[in-house]
Amino acid sequence: MERLLMGPGPSNPYPEVAAALVRPVTGHLDPAFLDLLDETCERLRTVFATGNALTLPLSGTGSAGMEAAMVNLVEPGAPVVVGVNGLFGERIAEVARRAGADVVRVEAPWGEPLDPAALVGAHPAPSVIALVHAETSTGVRNDVAAVAAGKGDALVVADVVTSLGGIEVAVDEWGVDVAYSCSQKCLGAPPGLAPITVSDRARSRLVANPRSWYLDLSLIAAYVEAGGGRTYHHTAPVTMVSALHGALGAVLAEGLDTVRERHRRCGQALQDGLERLGLRLLAPEGHRLPQLTTVVVPDDLPGGASEADVRRRLLQDWGVEIGSGAGRLAGKVWRIGCMGHTARRRNVDALLAALAEVLDR
Ligand code: PLP
(Lines give C-alpha, C1' and ligand atoms only; values in the text may rest on other atoms or scores of the structure.)
Protein backbone atom coordinates (compact mmCIF):
# COMPACT_ATOMS: atom_id res chain seq x y z
CA MET A 1 0.00 0.00 0.00
CA GLU A 2 1.24 3.48 -0.79
CA ARG A 3 1.84 5.25 2.49
CA LEU A 4 0.71 8.64 3.57
CA LEU A 5 3.57 9.89 5.74
CA MET A 6 2.20 12.21 8.40
CA GLY A 7 4.90 11.78 10.98
CA PRO A 8 7.50 14.34 12.00
CA GLY A 9 9.91 12.82 9.47
CA PRO A 10 10.03 12.81 5.69
CA SER A 11 6.97 14.11 3.89
CA ASN A 12 5.84 12.70 0.58
CA PRO A 13 7.89 14.32 -2.17
CA TYR A 14 6.67 16.71 -4.83
CA PRO A 15 6.46 15.19 -8.36
CA GLU A 16 9.36 17.47 -9.37
CA VAL A 17 11.46 15.66 -6.78
CA ALA A 18 10.53 12.22 -8.05
CA ALA A 19 11.58 13.35 -11.54
CA ALA A 20 14.93 14.67 -10.24
CA LEU A 21 15.64 11.36 -8.50
CA VAL A 22 15.52 9.35 -11.72
CA ARG A 23 17.51 11.76 -13.89
CA PRO A 24 20.96 10.54 -15.02
CA VAL A 25 23.66 11.38 -12.50
CA THR A 26 26.20 14.01 -13.56
CA GLY A 27 29.68 14.49 -12.15
CA HIS A 28 29.86 16.81 -9.15
CA LEU A 29 32.23 19.17 -10.96
CA ASP A 30 30.30 19.05 -14.24
CA PRO A 31 29.43 22.63 -15.22
CA ALA A 32 25.79 21.56 -15.59
CA PHE A 33 25.74 20.41 -11.96
CA LEU A 34 27.53 23.54 -10.76
CA ASP A 35 24.87 25.66 -12.47
CA LEU A 36 22.18 23.59 -10.75
CA LEU A 37 23.99 24.01 -7.41
CA ASP A 38 24.17 27.79 -7.91
CA GLU A 39 20.47 27.87 -8.70
CA THR A 40 19.72 25.74 -5.63
CA CYS A 41 21.64 28.21 -3.43
CA GLU A 42 19.72 31.09 -5.00
CA ARG A 43 16.41 29.32 -4.37
CA LEU A 44 17.46 28.74 -0.77
CA ARG A 45 18.16 32.48 -0.38
CA THR A 46 14.59 33.16 -1.45
CA VAL A 47 13.14 30.62 0.98
CA PHE A 48 15.32 31.81 3.88
CA ALA A 49 14.51 35.44 2.88
CA THR A 50 18.16 36.42 2.92
CA GLY A 51 20.82 38.00 0.76
CA ASN A 52 23.56 36.03 2.56
CA ALA A 53 26.24 34.98 0.08
CA LEU A 54 27.05 31.93 2.21
CA THR A 55 23.83 30.00 1.71
CA LEU A 56 24.06 26.39 0.61
CA PRO A 57 22.84 22.81 1.04
CA LEU A 58 25.26 21.08 3.41
CA SER A 59 25.81 17.39 2.85
CA GLY A 60 24.16 15.69 5.81
CA THR A 61 20.79 15.82 7.52
CA GLY A 62 19.47 18.68 9.67
CA SER A 63 21.74 17.65 12.55
CA ALA A 64 24.75 18.37 10.32
CA GLY A 65 23.46 21.94 10.03
CA MET A 66 23.23 22.16 13.81
CA GLU A 67 26.73 20.77 14.25
CA ALA A 68 28.15 23.05 11.55
CA ALA A 69 26.65 26.11 13.23
CA MET A 70 28.16 25.20 16.59
CA VAL A 71 31.63 24.06 15.58
CA ASN A 72 32.13 27.06 13.31
CA LEU A 73 30.96 29.69 15.82
CA VAL A 74 32.05 28.38 19.22
CA GLU A 75 35.55 28.95 20.59
CA PRO A 76 36.40 26.69 23.55
CA GLY A 77 35.02 28.21 26.75
CA ALA A 78 32.75 30.69 24.94
CA PRO A 79 29.44 31.39 26.70
CA VAL A 80 26.58 30.07 24.57
CA VAL A 81 22.97 30.57 25.66
CA VAL A 82 20.67 27.76 24.51
CA GLY A 83 16.89 27.70 24.73
CA VAL A 84 15.69 24.27 25.83
CA ASN A 85 11.99 23.40 25.72
CA GLY A 86 12.15 20.11 23.87
CA LEU A 87 14.32 17.37 22.45
CA PHE A 88 15.95 19.51 19.77
CA GLY A 89 16.85 22.34 22.14
CA GLU A 90 18.44 19.62 24.28
CA ARG A 91 20.35 18.47 21.23
CA ILE A 92 21.67 21.97 20.51
CA ALA A 93 22.87 22.26 24.11
CA GLU A 94 24.71 18.95 23.81
CA VAL A 95 26.25 19.78 20.43
CA ALA A 96 27.36 23.17 21.79
CA ARG A 97 28.89 21.47 24.85
CA ARG A 98 30.82 19.08 22.64
CA ALA A 99 32.02 22.02 20.56
CA GLY A 100 33.59 23.36 23.77
CA ALA A 101 30.98 25.96 24.76
CA ASP A 102 30.22 27.02 28.29
CA VAL A 103 26.49 26.34 27.86
CA VAL A 104 23.94 28.51 29.67
CA ARG A 105 20.58 26.74 29.49
CA VAL A 106 17.34 28.70 29.49
CA GLU A 107 14.49 26.27 29.93
CA ALA A 108 10.74 26.19 29.57
CA PRO A 109 8.52 23.17 30.22
CA TRP A 110 8.11 20.85 27.24
CA GLY A 111 4.93 22.03 25.54
CA GLU A 112 5.44 25.71 26.50
CA PRO A 113 7.25 28.39 24.47
CA LEU A 114 10.59 29.89 25.53
CA ASP A 115 10.61 33.38 27.06
CA PRO A 116 12.64 35.59 24.65
CA ALA A 117 13.54 38.04 27.46
CA ALA A 118 14.96 35.19 29.55
CA LEU A 119 17.16 34.09 26.63
CA VAL A 120 18.42 37.59 25.93
CA GLY A 121 19.07 38.30 29.62
CA ALA A 122 20.65 34.97 30.53
CA HIS A 123 24.28 36.12 30.19
CA PRO A 124 25.88 39.58 30.06
CA ALA A 125 27.96 38.86 26.95
CA PRO A 126 27.12 35.58 25.21
CA SER A 127 28.95 34.82 22.00
CA VAL A 128 25.93 32.89 20.65
CA ILE A 129 22.24 32.59 21.51
CA ALA A 130 20.72 29.48 19.94
CA LEU A 131 17.15 28.24 19.83
CA VAL A 132 14.77 26.05 17.88
CA HIS A 133 12.10 27.92 15.94
CA ALA A 134 9.68 25.01 15.50
CA GLU A 135 10.24 22.44 18.27
CA THR A 136 9.29 19.19 16.59
CA SER A 137 9.11 17.20 19.82
CA THR A 138 6.35 19.41 21.26
CA GLY A 139 4.70 21.23 18.33
CA VAL A 140 5.57 24.61 19.87
CA ARG A 141 6.75 27.71 17.97
CA ASN A 142 9.40 29.82 19.70
CA ASP A 143 9.68 33.53 18.92
CA VAL A 144 13.01 33.76 17.07
CA ALA A 145 12.36 37.33 15.88
CA ALA A 146 12.02 38.63 19.45
CA VAL A 147 15.24 36.91 20.50
CA ALA A 148 17.16 38.24 17.49
CA ALA A 149 15.82 41.75 18.16
CA GLY A 150 17.49 41.73 21.58
CA LYS A 151 20.70 39.89 20.67
CA GLY A 152 23.14 42.79 21.22
CA ASP A 153 26.63 41.68 20.21
CA ALA A 154 25.76 37.97 20.25
CA LEU A 155 25.21 35.89 17.16
CA VAL A 156 21.78 34.28 16.90
CA VAL A 157 21.54 30.72 15.64
CA ALA A 158 18.08 29.51 14.68
CA ASP A 159 17.14 25.90 14.04
CA VAL A 160 14.52 26.18 11.29
CA VAL A 161 14.51 22.45 10.50
CA THR A 162 10.74 22.11 10.87
CA SER A 163 9.75 25.71 10.05
CA LEU A 164 11.42 26.46 6.71
CA GLY A 165 8.78 26.42 3.98
CA GLY A 166 5.95 25.79 6.46
CA ILE A 167 5.71 29.06 8.41
CA GLU A 168 7.40 32.43 8.02
CA VAL A 169 11.18 32.47 8.32
CA ALA A 170 12.72 35.90 7.62
CA VAL A 171 16.45 35.59 8.28
CA ASP A 172 17.55 39.12 7.27
CA GLU A 173 14.52 40.99 8.57
CA TRP A 174 14.69 39.25 11.94
CA GLY A 175 18.49 39.57 12.22
CA VAL A 176 19.27 35.85 12.48
CA ASP A 177 22.97 35.17 11.92
CA VAL A 178 22.94 31.46 11.17
CA ALA A 179 19.89 29.40 10.28
CA TYR A 180 19.93 25.75 9.28
CA SER A 181 17.21 23.41 8.11
CA CYS A 182 16.67 20.02 6.50
CA SER A 183 15.47 18.86 3.11
CA GLN A 184 12.80 16.39 4.24
CA LYS A 185 10.14 18.35 6.09
CA CYS A 186 8.23 21.37 4.77
CA LEU A 187 10.51 21.65 1.74
CA GLY A 188 9.31 18.20 0.68
CA ALA A 189 12.53 16.59 -0.61
CA PRO A 190 14.04 13.34 0.72
CA PRO A 191 16.32 13.52 3.76
CA GLY A 192 20.05 14.04 3.27
CA LEU A 193 20.77 17.76 3.05
CA ALA A 194 20.91 20.62 5.53
CA PRO A 195 20.28 24.00 3.93
CA ILE A 196 22.25 26.60 5.89
CA THR A 197 22.69 30.36 5.67
CA VAL A 198 25.38 32.46 7.36
CA SER A 199 25.33 36.26 7.69
CA ASP A 200 28.42 38.33 6.86
CA ARG A 201 28.54 39.25 10.56
CA ALA A 202 28.73 35.57 11.54
CA ARG A 203 31.13 34.91 8.72
CA SER A 204 33.58 37.44 10.09
CA ARG A 205 33.55 35.51 13.39
CA LEU A 206 33.97 31.97 12.04
CA VAL A 207 36.37 29.93 14.16
CA ALA A 208 39.70 29.21 12.46
CA ASN A 209 40.35 25.45 12.33
CA PRO A 210 36.97 24.38 13.74
CA ARG A 211 36.72 20.98 15.44
CA SER A 212 35.33 19.39 12.30
CA TRP A 213 37.15 19.33 9.00
CA TYR A 214 34.11 18.09 7.08
CA LEU A 215 31.82 20.84 8.36
CA ASP A 216 34.38 23.67 8.16
CA LEU A 217 32.23 26.36 6.55
CA SER A 218 35.23 28.35 5.31
CA LEU A 219 36.48 25.34 3.35
CA ILE A 220 32.99 24.54 2.05
CA ALA A 221 32.49 28.15 0.96
CA ALA A 222 35.53 27.85 -1.29
CA TYR A 223 33.83 24.97 -3.12
CA VAL A 224 30.35 26.44 -3.30
CA GLU A 225 31.15 30.03 -4.14
CA ALA A 226 32.11 30.48 -7.74
CA GLY A 227 34.10 33.72 -7.25
CA GLY A 228 37.63 32.48 -6.54
CA GLY A 229 37.40 29.39 -8.72
CA ARG A 230 35.99 26.34 -7.03
CA THR A 231 38.27 24.25 -4.85
CA TYR A 232 37.34 20.60 -4.38
CA HIS A 233 36.16 19.94 -0.83
CA HIS A 234 34.10 16.77 -0.90
CA THR A 235 31.99 15.00 -3.49
CA ALA A 236 28.62 16.70 -3.46
CA PRO A 237 25.62 14.33 -3.30
CA VAL A 238 24.56 15.25 -6.80
CA THR A 239 21.22 13.45 -6.85
CA MET A 240 20.13 14.84 -3.50
CA VAL A 241 21.01 18.39 -4.53
CA SER A 242 19.03 17.82 -7.71
CA ALA A 243 16.04 16.60 -5.66
CA LEU A 244 16.23 19.64 -3.38
CA HIS A 245 16.48 21.87 -6.45
CA GLY A 246 13.26 20.26 -7.72
CA ALA A 247 11.49 20.66 -4.39
CA LEU A 248 12.47 24.31 -4.09
CA GLY A 249 11.34 24.82 -7.67
CA ALA A 250 7.93 23.33 -6.80
CA VAL A 251 7.61 25.51 -3.69
CA LEU A 252 8.57 28.69 -5.51
CA ALA A 253 6.36 27.92 -8.50
CA GLU A 254 3.37 27.50 -6.18
CA GLY A 255 4.53 30.62 -4.31
CA LEU A 256 6.12 30.63 -0.88
CA ASP A 257 3.19 32.50 0.66
CA THR A 258 0.70 30.14 -0.95
CA VAL A 259 2.61 27.12 0.33
CA ARG A 260 2.67 28.53 3.85
CA GLU A 261 -1.02 29.32 3.63
CA ARG A 262 -1.66 25.71 2.56
CA HIS A 263 0.26 24.54 5.63
CA ARG A 264 -1.71 26.96 7.82
CA ARG A 265 -5.09 25.85 6.54
CA CYS A 266 -4.26 22.14 6.79
CA GLY A 267 -2.86 22.53 10.29
CA GLN A 268 -5.93 24.43 11.40
CA ALA A 269 -8.30 21.88 9.86
CA LEU A 270 -6.37 19.06 11.51
CA GLN A 271 -6.29 20.72 14.93
CA ASP A 272 -9.99 21.62 14.77
CA GLY A 273 -10.82 18.07 13.71
CA LEU A 274 -8.77 16.53 16.51
CA GLU A 275 -10.53 18.72 19.08
CA ARG A 276 -13.88 17.71 17.59
CA LEU A 277 -12.86 14.12 18.29
CA GLY A 278 -12.42 15.12 21.93
CA LEU A 279 -8.61 14.97 21.82
CA ARG A 280 -6.38 17.45 23.65
CA LEU A 281 -3.60 19.34 21.90
CA LEU A 282 -0.36 19.73 23.84
CA ALA A 283 0.83 23.14 22.57
CA PRO A 284 -1.01 26.24 23.77
CA GLU A 285 -3.07 28.20 21.27
CA GLY A 286 -1.07 30.99 19.67
CA HIS A 287 2.14 28.91 19.79
CA ARG A 288 0.98 25.90 17.78
CA LEU A 289 2.70 24.86 14.60
CA PRO A 290 0.40 24.11 11.67
CA GLN A 291 2.95 21.68 10.22
CA LEU A 292 3.44 19.59 13.38
CA THR A 293 0.61 18.91 15.78
CA THR A 294 1.10 17.17 19.11
CA VAL A 295 -1.92 15.36 20.50
CA VAL A 296 -2.09 14.04 24.05
CA VAL A 297 -2.70 10.27 23.98
CA PRO A 298 -6.03 9.67 25.74
CA ASP A 299 -6.15 7.32 28.75
CA ASP A 300 -9.23 5.48 27.50
CA LEU A 301 -8.01 3.81 24.30
CA PRO A 302 -10.59 1.28 23.09
CA GLY A 303 -10.10 -2.37 23.97
CA GLY A 304 -7.10 -1.57 26.16
CA ALA A 305 -5.00 -0.70 23.10
CA SER A 306 -1.62 0.97 23.60
CA GLU A 307 -0.69 4.17 21.78
CA ALA A 308 1.65 2.08 19.60
CA ASP A 309 -1.30 -0.20 18.69
CA VAL A 310 -3.19 2.85 17.44
CA ARG A 311 -0.28 3.94 15.24
CA ARG A 312 0.15 0.38 13.98
CA ARG A 313 -3.52 0.14 13.00
CA LEU A 314 -3.41 3.48 11.24
CA LEU A 315 -0.40 2.28 9.25
CA GLN A 316 -1.57 -1.26 8.53
CA ASP A 317 -5.26 -0.67 7.87
CA TRP A 318 -5.21 2.87 6.47
CA GLY A 319 -1.68 3.35 5.18
CA VAL A 320 -1.29 6.50 7.28
CA GLU A 321 1.85 6.99 9.33
CA ILE A 322 1.82 9.32 12.32
CA GLY A 323 4.70 9.81 14.75
CA SER A 324 5.16 8.72 18.34
CA GLY A 325 6.21 11.07 21.12
CA ALA A 326 9.93 11.72 21.42
CA GLY A 327 12.20 12.04 24.45
CA ARG A 328 10.32 12.63 27.68
CA LEU A 329 7.01 12.77 25.75
CA ALA A 330 7.46 9.21 24.44
CA GLY A 331 4.21 7.29 24.94
CA LYS A 332 2.40 10.48 25.97
CA VAL A 333 1.72 12.26 22.68
CA TRP A 334 1.34 11.57 18.99
CA ARG A 335 3.05 13.88 16.53
CA ILE A 336 1.19 14.49 13.30
CA GLY A 337 2.93 16.20 10.43
CA CYS A 338 1.36 18.25 7.65
CA MET A 339 4.46 19.07 5.72
CA GLY A 340 5.43 19.84 2.15
CA HIS A 341 3.44 17.91 -0.41
CA THR A 342 1.59 16.12 2.41
CA ALA A 343 -0.06 19.34 3.60
CA ARG A 344 -3.31 18.73 1.68
CA ARG A 345 -6.85 18.88 2.95
CA ARG A 346 -7.64 15.41 1.60
CA ASN A 347 -4.84 13.94 3.72
CA VAL A 348 -6.14 15.67 6.83
CA ASP A 349 -9.64 14.32 6.16
CA ALA A 350 -8.29 10.81 5.54
CA LEU A 351 -6.37 10.84 8.82
CA LEU A 352 -9.28 12.22 10.85
CA ALA A 353 -11.63 9.56 9.44
CA ALA A 354 -9.12 6.83 10.20
CA LEU A 355 -8.48 8.11 13.70
CA ALA A 356 -12.21 8.37 14.44
CA GLU A 357 -12.62 4.71 13.51
CA VAL A 358 -9.53 3.43 15.31
CA LEU A 359 -10.33 5.41 18.47
CA ASP A 360 -14.02 4.52 18.19
CA ARG A 361 -15.10 8.19 18.55
N1 PLP B 1 16.12 20.08 14.68
C2 PLP B 1 14.80 19.86 14.67
C3 PLP B 1 13.87 20.92 15.17
C4 PLP B 1 14.30 18.65 14.18
O5 PLP B 1 12.99 18.42 14.15
C6 PLP B 1 15.20 17.67 13.70
C7 PLP B 1 14.70 16.39 13.19
O8 PLP B 1 13.55 16.07 13.26
C9 PLP B 1 16.56 17.96 13.74
C10 PLP B 1 16.98 19.18 14.23
C11 PLP B 1 17.55 16.98 13.24
O12 PLP B 1 17.36 16.79 11.86
P13 PLP B 1 17.79 15.44 11.14
O14 PLP B 1 16.98 14.34 11.73
O15 PLP B 1 17.44 15.73 9.69
O16 PLP B 1 19.24 15.26 11.37
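Figure 1. Ala49 is partly exposed, because its relative accessible area is 36%, a value that lies between the limit of 20% for buried residues and the limit of 50% for exposed ones. This structure is a predicted model, and in it Ala49 belongs to the loop between helix 2 and strand 2 (54-59). The backbone angle phi of Ala49 is near 55 degrees, which is a positive value in a residue other than glycine.

**Figure 2. Asn209, a second residue with a positive phi.** Although Asn209 is not a glycine, its phi is positive, at about 50 degrees. Asn209 sits in the loop between helix 8 (200-203) and helix 9. With a relative accessible area of 70%, Asn209 counts as exposed, since the term applies to values over 50%.

Figure 3. Leu219 has its place in helix 9, which covers residues 217-224. The relative accessibility of Leu219 is 34%, and therefore Leu219 counts as partly exposed.

**Figure 4. Helix 2 packed against helix 10.** Helix 2 (residues 31-48) and helix 10 (residues 238-254) pack with their axes 9 Å apart and at an angle of about 45 degrees. Because of this angle, helix 2 is described as oblique to helix 10. Where helix 2 passes helix 10, the crossing is left-handed.

Figure 5. Side chains of opposite charge can pair when their charged atoms come close. In this view Glu39 forms a salt bridge with Arg43, and the closest N and O atoms of the two are 3.1 Å apart. Both Glu39 and Arg43 lie in helix 2, where they are four residues apart, or about one turn of the helix. Glu39 counts as partly exposed, because its relative accessibility is 38%.

**Figure 6. Helix 3 crossing helix 4.** The axes of helix 3 (residues 62-73) and helix 4 come within 9 Å of each other, and they cross at roughly 40 degrees. This angle is why helix 3 is called oblique to helix 4. The crossing of helix 3 and helix 4 is right-handed.

Figure 7. Arg97 and Glu94 form a salt bridge in which the closest N and O atoms are 2.9 Å apart. Because Arg97 and Glu94 are three residues apart in helix 4 (residues 87-98), about one helical turn separates them. Arg97 counts as partly exposed at 48% relative accessibility, and Glu94 counts as partly exposed at 29%.

Figure 8. The side chains of Arg264 and Glu261 meet in a salt bridge, with a distance of 2.9 Å from N to O. Arg264 and Glu261 both belong to helix 11 (residues 256-276), in which they are three residues apart, about one turn of the helix. Arg264 is partly exposed, with a relative accessible area of 42%, and Glu261 is partly exposed, with a relative accessible area of 31%. Over the whole structure, a search finds 21 salt bridges.

How values were computed
Residues numbered from 1 in each chain as written. Predicted model: local features only at pLDDT ≥ 70, side-chain atom pairs only at ≥ 80, totals over all residues. Heavy atoms only, no water. Helix = DSSP H or I, 4+ residues; strand = E, 2+ residues; numbered from the N terminus. Buried < 20%, exposed > 50% of the residue type's maximum accessible area, 1.4 Å probe, protein only. Axes fitted to C-alpha atoms, helices over the stretch in contact; angles between N-to-C directions. Parallel < 35°, antiparallel > 145°, perpendicular 65-115°, else oblique. Left-handed = near helix turned anticlockwise from the far one by under 90°. Salt bridge = Lys/Arg side-chain N within 4 Å of Asp/Glu carboxyl O.
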